[in-house]
Each structure stands twice: as structure tokens, then as C-alpha cells.
Amino acid sequence: MESFELAKSAARLLDEKKAENISVIKIDDISSLADYFVIANGRGSTHVRSLSDELEEKLKLMGVMPMRIEGYRSDNWVLMDYGNVVVHIFTQEARDFYDLDRLWADGVKTDWQEDRFLMEYEAKTEETP
């Protein structure tokens with residue numbers, strides 16, 4: 001799976017599970033760490049773990065396995081490394097503290113919802129005579 005498609009899929013899956021403040025940042029021009037960072041937060045530590053469990057499970061069904069998962073037992077941050085895509089799931093407090101959005105501000109924020117809005121629009125236009 002292409003890295004942008006993987007990043008969009010991760011963002012959508014997190015969104016379906018009610019993650020908050022989801023960002024997809026293209027960093028391949030400024031770092032060799034990955035092509036994209038997906039950053040999201042949950043409402044608390046239990047929600048953060050639930051988000052990471054769901055994401056891991058759904059991506060496995062799509063044939064995508066994480067290279068490693070860090071921080072699962074922590075109370076505030078899980079990092080899921082999928083090679084060219086790294087997913088960070090925080091509590092709001094941890095996200096504010098680490099402020100990856102600011103640290104990676106030189107990256108390009110991408111519109112991971114664009115296709116979804118297009119599909120919704122097309123579905124609505126097909127319904128109306």
C-alpha cells in the first residue's frame with residue numbers, strides 16, 4: 001500500500017473510532033524518518049489504547065503490519081511505526097506537551113478527508129433526480 005493511502009486509511013480508521021484532532025503531515029521532504037506522520041488524540045488513556053488496538057487490528061486485515069509499537073502501556077502516548085507512516089496517538093495533555101504539530105510545522109499538512117467528502121457529494125448527487 002502506498003504511504004499516502006496508508007496514512008489516509010489510518011486517519012479514517014481513527015476518525016471512525018472517535019479520535020480527535022487528526023492530522024496527517026507529509027514529512028518526506030524534511031526527514032528520512034518516514035513519509036507521513038499521523039497525529040491524533042483520544043479522550044483519555046483508555047481511549048488511546050482502544051484507538052491503537054482498533055487501528056492495528058483493521059490494518060492487519062488490510063495486510064499491513066506494524067514494524068513496532070511503543071508506549072502501549074504508558075498512560076498518554078502510543079507510537080505505531082508502519083515504516084513510511086508513523087502514527088502518534090496521544091491524550092490531549094501529552095499532545096499539548098510534546099507539540100509534534102509545531103515541531104513538524106515545516107511538513108505539509110494533507111487533506112486526508114478530501115476523498116471522503118467527494119464520495120459523499122457523489123452519493124448525494126446520484127440520489128437526487
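Tyr 36 has Val 85 as its bridge partner in strand β5. The model is predicted, so local features need pLDDT of at least 70 and side-chain atom pairs count only at pLDDT 80 or more, while totals for chains, interfaces and linings use all residues. Residues are numbered from 1 along each chain as its sequence is written, and side-chain values use heavy atoms, with hydrogens and water left out.

**Overall make-up**
- The protein chain holds five helices and six strands; helices (H or I, at least four residues) and strands (E, at least two) are DSSP runs, numbered from the N terminus.
- Read from the N terminus, the order of elements is α-β-β-α-β-β-β-α-α-β-α.
- Of the 129 residues in the protein chain, 43% are buried; buried means under 20% relative accessible area, exposed over 50%, and partly exposed in between, with a 1.4 Å probe and protein chains only.
- Contact means heavy atoms within 4.5 Å. Of the contacts between residues at least 6 apart in sequence, 58% join residues at least 24 apart.
- The protein chain exposes about 7600 Å², and carbon and sulfur atoms supply 48% of this area. Accessible areas come from the Shrake-Rupley method with a 1.4 Å probe; for residues, only the protein chains shown count as cover.

- Strand β5 covers residues 85–91, and seven of its seven residues are buried.
- In a regular strand the side chains alternate between the two faces of the sheet.
- Val 85, Val 87, Ile 89 and Thr 91 point one way from β5, while Val 86, His 88 and Phe 90 point the other way.
- β5 pairs with β2 in the parallel sense over seven bridges; two strands pair if DSSP finds at least two bridges between them.
- β5 also pairs with β4 (residues 77–81), in the antiparallel sense over five bridges, and Asp 81 stands opposite Val 86.
- Three residues lie between the strands in the hairpin of β4 and β5, where Gly 83 has a positive phi near 85°.

**Asp 35**
- Asp 35 sits in the loop between β1 and β2 (36–42).
- Asp 35 is buried yet has no salt bridge, and the nearest side chain of opposite charge, Lys 26, is 7.5 Å away.
- A salt bridge is a side-chain nitrogen of Lys or Arg within 4 Å of a carboxyl oxygen of Asp or Glu. For charge, Lys and Arg count as positive and Asp and Glu as negative; His and the chain ends are not counted.
- Beyond its neighbours within four places in sequence, Asp 35 has contacts that include Ser 3, Ile 25 and Asn 84.

- Asn 21, in strand β1 (residues 20–26), has a positive phi near 50°.
- Asp 99, in the loop between α3 (92–98) and α4 (100–103), has a positive phi near 50°.
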